[in-house]
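Have the model open while you read.

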Amino acid sequence: MEYLSNKSSVARMDKNLGKISPFELKNRLIEMADESVKKMAHVMLNAGRGNPNWIATEAREAFFALGGFGIEECRRVMDMPEGIAGIPQKTGIAQRFEEYLKKHEGNAGTDLLKRTYNYMLMEHAADPDELVHEWTESIVGDQYPMPDRILKYTEILVQDYLNQEMCNGQPPQGKFDLFATEGGTAGMCYVFDSLEENFLLHKGDSVALMVPIFTPYIEIPELTRYDYDVLNIPANTLNEEGLHTWQYKVEDINKLRDTKYKALFIVNPSNPPSYQLSKECVDALKDVVTRWNPNLMIITDDVYGTFVPGFRSLMADLPQNTICVYSFSKYFGATGWRLAVIALHEKNVFDRMIANLPRKRKSELAKR
Ligand SMILES: Cc1ncc(COP(=O)(O)O)c(C=O)c1O
């Protein structure tokens, strides 16, 4: 801290800090903090990419119980003393799974497995052998996932989960197609790349960011291959007492009426402020899309949505214009597992714009 009181050092530090990324800056500030406040500084400054300090137990217990079944299934086929077994076989697997559940009744995880199995059979008329075989191969991890976009029954379950958690149980008509990704951060990279590769965004295009925002959304548009012209829409509203309400001014949202703005990136609920987008802001965005800028592409990162009771994502309110990035990292305390999905409604402006690309562009896409 003494360092900070020396003016020339501060000037030097200022110059150097301007050159590093926000994540590096956060680490540098933590390093500089006095020992006594280091722990607190870590908590405060690490708000950029918070790692939960808890885990959700039940989902893990079911996961590990399924693992036990998976190993039994493999050993049933072949069991060599060297530690090599066969791969799960579909025929009769559902019956063996039901017997396994009975045998392990009362054990950790068994009940959730049983309820999920019954749910898939009753609500989605899943084929029992196909379902249990998919689960078993997934937990054992012996196959490249097919389809590689996302597994059949996994998609159905996660669709229901997102309808409940991101759409407050009232999803729009139609369904969301899901793309499994190795975490939300990878999801973001895929979104930026796909928009560019499919000629929906071009180097130098105008895009908007609702700020403050998770730092990769600031850094990625600055990369030379994108170099977007960025409009920041600040969360700078104040209440009557002059306190922050962390919402956006309607007059700022209305700037998106200009069709030069191709895309809008938002984290909702926001990070770091942790506020969900107000109804007034959602209504303003709906008006922008409905009456002024119908092809606006909205990318909403809703990884904190599950922490807000009754949360409703823009994917629910503006489904045709919105790509949602959802990650299991936060709610399940599972940052190490790298589990996320990108959701896109089956009827969407992205596909429509691709369909309207010039023939040359479309034939370039068809070649891939
Ligand atoms: C808004 C936001 N999106 C995504 C992530 C990262 O998610 P993942 O662990 O799935 O990469 C974070 C992590 O802090 C975040 O704050």
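## Aromatic pairs

Phe-63 counts as partly exposed because its relative accessibility is 40% (buried means under 20% relative accessible area, exposed over 50%, partly exposed in between, with a 1.4 Å probe and protein chains only). Phe-64, at a relative accessible area of 54%, is exposed.

Before going on, a word on the source: this is a predicted model, where local features need pLDDT of at least 70, side-chain atom pairs count only at pLDDT 80 or more, and totals for chains, interfaces and linings use all residues. Residues are numbered from 1 along each chain as its sequence is written, and side-chain values use heavy atoms, with hydrogens and water left out.

Rings of Phe, Tyr and Trp (its six-membered ring) pair if their centres lie within 6.5 Å; planes under 30 degrees apart count as stacked, over 60 as edge-to-face and the rest as tilted. That rule gives 20 aromatic pairs. Here are two of them:

| Pair | Centre to centre | Angle of planes | Class |
|---|---|---|---|
| Phe-63 and Phe-64 | 6.1 Å | 65° | edge-to-face |
| Phe-192 and Tyr-217 | 6.5 Å | 45° | tilted |

The pair of Phe-192 in helix H10 (residues 184–197) and Tyr-217 in helix H11 (residues 216–219) links distant parts of the chain, 25 residues apart. Helices here are DSSP runs (H or I, at least four residues), as are strands (E, at least two), numbered from the N terminus. Both Phe-192 and Tyr-217 are buried.

Ring pairs also build a cluster out of Trp-54, Tyr-161, Tyr-304, Phe-307, Tyr-326, Phe-328, Tyr-331 and Phe-332.

## Where H6 meets H8

Helix H6 (residues 93–103) and helix H8 (residues 128–140) have axes that come within 7 Å and cross at roughly 70°, so the two are roughly perpendicular (65 to 115 degrees). On the H6 side, Ile-93, Ala-94 and Phe-97 touch Pro-128, Asp-129, Val-132, His-133, Trp-135 and Thr-136 of H8, where contact means heavy atoms within 4.5 Å.

## His-345

What about His-345: buried or exposed? His-345 is buried, because its relative accessibility is 5%, and it sits in strand E9 (residues 340–345). A polar atom of its side chain lies 2.7 Å from the backbone oxygen of Gln-173, and the backbone nitrogen of Lys-347 lies 3.1 Å from a polar atom of the His-345 side chain. Setting aside neighbours within four places in sequence, His-345 is in contact with Pro-172, Gln-173, Gly-174, Lys-175, Phe-176 and Pro-319.

Methods
A polar contact is a pair of N or O atoms within 3.5 Å; within protein, one must be able to donate a hydrogen and the other to accept it, and residues adjacent in sequence count only if both atoms are side-chain atoms. Axes are lines fitted to C-alpha atoms, for helices over the stretch in contact, and angles run from 0 to 180 degrees between N-to-C directions. Angles under 35 degrees count as roughly parallel, over 145 as roughly antiparallel, 65 to 115 as roughly perpendicular and the rest as oblique.
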